[in-house]
Amino acid sequence: MIPPSTSVTPGSGATAEASRVMSAAEHEEYLRLRRAATLRHRRTRRAGAVVLLVLTLVLAPLALVAAWVHDEVADTDRYVQTVAPLASEPAVQKVLVNRLTDRVVANVDVEAVTAALTNTLKKNGAPPRVVQGSESLTGPLRSAVRTVVERNVSRVVTSDAFQQAWTGANRRAHAAVVNMLTGSREGALQANGDAVQLDVGVVVDQVRQRLVDAGFQKAAAIPNVDRTVTLFRTDQLSKAQDGMRLLNIVGIWLPVLTLAFAALTIWVAPSHRLMVIVVGVGVAVMAVLLLVALAVARRVYLDSVPSATLPPDAAAAIFDTFVRFLRASTRTLLVVSLLAALTAYLYGPGRAARGVRGLAGRGAAAAGGGLRRIGLNTGLTGRWLSDHQSWTVGVTIGAGALALVLWNHPTVGAVVLVLVLVLAVLAIAAVLAAAGPASDTTEKPGHAVT
């Protein structure tokens with residue numbers, strides 16, 4: 001039937017004065033214009049989705065790197081977690097032992113020791129053969145000194161006390177640098193204008209108290225006039241502080257902006273489910289490219305470090321330790337992206353997706369039927385879960401996604417844990433829904449079947 005067209009006379013006050021039926025040509029033109037408007041609308045949405053998708057894919061790896069750099073530079077706890085394993089890394093311990101041993105042995109004048117021994121033997125009338133033998137003791141004595149020093153240095157470096165000292169020293173140093181770059185007045189190292197100053201107030205107080213305890217009562221009158229020592233001045237300090245402020249902004253808001261672009265991409269696209277698959281796969285590809293870039297950077301770094309400066313195994317251990325959190329974040333993003341794409345696919349009309357949904361439904365129905373047979377009927381709760389199944393699934397998946405967003409530095413293990421919990425909740429909800437009372441499909445009086 002051709003839809004009627006109603007014309008209204010302006011100012012008549014009536015809703016319609018005359019109505020007529022559109023001709024076939026008019027109706028065809030109406031449909032053509034409507035299809036054209038719909039097509040333009042879809043093209044506009046598709047173009048906007050493409051632009052947002054490109055921005056999301058470009059910003060995804062940059063957001064990961066920015067967040068990692070921000071954590072390492074601005075977060076002392078995260079930095080300490082990064083460098084703490086180096087103290088127990090065998091390759092790094094070997095380098096420390098060798099360098100500390102070389103420094104100690106270099107301060108031992110073995111030639112002077114052998115010369116003193118030779119003179120002593122001569123003065124005491126030792127046989128010439130013994131005196132000549134003492135002159136050749138320089139090499140063995142140096143080797144013996146090195147062996148003893150190396151053994152003791154190795155015991156110190158491989159001890160738990162060294163690891164605690166390593167962690168404490170890195171924590172204090174990093175906190176001091178952060179305070180200087182952020183302009184904080186806390187800590188010993190502070191920034192004042194273009195000057196980097198060391199606050200020695202705590203040291204002054206301790207020295208004054210010890211002098212008083214030792215009997216010098218007049219030391220209590222030492223004034224608190226100048227308690228800072230200027231270490232150096234530089235006109236680059238303000239630039240470094242500006243860079244720190246910029247890093248705080250980029251490291252925090254760039255990941256948020258990337259998530260917002262991803263959400264807008266899905267919302268603007270004509271097919272939301274299809275765009276979830278595209279965004280998930282695209283972000284996963286960018287995560288793989290970032291992992292490849294890290295592998296290339298590792299190779300370039302190892303080739304650029306001379307073996308005389310740092311052995312290859314120690315250099316590799318240092319690089320891997322510093323970037324391990326970035327690698328972990330990238331792997332987490334890869335897994336989450338693929339899970340999002342897989343979830344969107346399973347909601348689609350594909351044959352495999354229908355098979356998985358059908359298998360899950362039959363399993364839940366069988367489990368629910370088993371509960372009913374043993375007398376466990378979920379009643380109104382099961383009926384409500386059955387009637388609101390789509391809402392239950394959406395809320396559960398949304399809660400899992402929100403948990404990952406709010407998780408502080410989620411790992412692949414955290415993603416697996418959340419996934420298991422989501423699947424468990426969905427399975428329980430499906431079984432409870434299947435264990436409810438059977439839906440009444442008979443027509444009730446007063447209700448028409450549509």
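Is Tyr-301 buried, partly exposed or exposed, and what is its relative accessible area? In this predicted model, Tyr-301 has a relative accessible area of 26% and is therefore partly exposed.

A search of the whole structure finds 2 aromatic pairs. In general, a pair of aromatic rings is described by the distance of the centres and the angle of the planes. One of the pairs is formed by Phe-162 and Trp-166, whose rings lie 6.4 Å apart from centre to centre with 35° between the planes, a tilted arrangement. Phe-162 and Trp-166 both belong to helix 7, which spans residues 160-182, and they are 4 residues apart, about one turn of the helix. Phe-162 has a relative accessibility of 18% and counts as buried, because the limit for a buried residue is under 20%. Trp-166, at 23% relative accessibility, counts as partly exposed.

Another pair joins Tyr-301 and Phe-319. The ring centres of Tyr-301 and Phe-319 are 5.5 Å apart and the planes are at 25°, so this pair is stacked. Tyr-301 is located in helix 10 and Phe-319 in helix 11, so the pair ties together parts that are 18 residues apart in sequence. Whereas Tyr-301 is partly exposed, Phe-319 counts as buried, with a relative accessibility of 13%.

Helix 10 (residues 272-304) and helix 11 (residues 312-346) have axes 7 Å apart and pack at an angle of about 170°. Helix 10 is therefore roughly antiparallel to helix 11, since an angle over 145 degrees counts as such. The contact of helix 10 with helix 11 comprises, by class, 25 nonpolar, 3 polar and 5 charged residues. Gly-282 also lies in helix 10, and its relative accessibility of 15% means that Gly-282 counts as buried. The C-alpha atom of Gly-282 is separated by 9.3 Å from that of Leu-338, although the two residues are 56 residues apart along the chain.

Helix 11 has a further contact, with helix 2. Helix 2 (residues 76-83) packs with helix 11 at an angle of about 125°, and their axes are 8 Å apart. This angle makes helix 2 oblique to helix 11. On the side of helix 2, the contact is made by Arg-78, Tyr-79, Gln-81, Thr-82 and Val-83, while helix 11 contributes Thr-321, Phe-322, Arg-324 and Phe-325. By class, the contact of helix 2 with helix 11 has 4 nonpolar, 3 polar and 2 charged residues.

Helices 14 and 15 provide another example of packing. Helix 14 (residues 389-406) and helix 15 (residues 412-434) have axes 10 Å apart and an angle of about 165°. Helix 14 and helix 15 are therefore roughly antiparallel to each other, and their crossing is right-handed. In helix 14, the residues that meet helix 15 are Thr-392, Val-393, Thr-396, Ile-397, Gly-400 and Leu-404. Their partners in helix 15 are Ala-414, Val-415, Val-418, Val-422, Val-425, Leu-426 and Ala-429. By class, this contact of helix 14 with helix 15 has 10 nonpolar and 3 polar residues, with no charged residues.

Key
Residues numbered from 1 in each chain as written. Predicted model: local features only at pLDDT ≥ 70, side-chain atom pairs only at ≥ 80, totals over all residues. Heavy atoms only, no water. Axes fitted to C-alpha atoms, helices over the stretch in contact; angles between N-to-C directions. Helix = DSSP H or I, 4+ residues; strand = E, 2+ residues; numbered from the N terminus. Parallel < 35°, antiparallel > 145°, perpendicular 65-115°, else oblique. Nonpolar A, V, L, I, M, F, W, Y, C, P; charged D, E, K, R; others polar. Left-handed = near helix turned anticlockwise from the far one by under 90°. Contact = heavy atoms within 4.5 Å. Phe/Tyr/Trp six-rings, centres within 6.5 Å; stacked < 30°, edge-to-face > 60°. Buried < 20%, exposed > 50% of the residue type's maximum accessible area, 1.4 Å probe, protein only.
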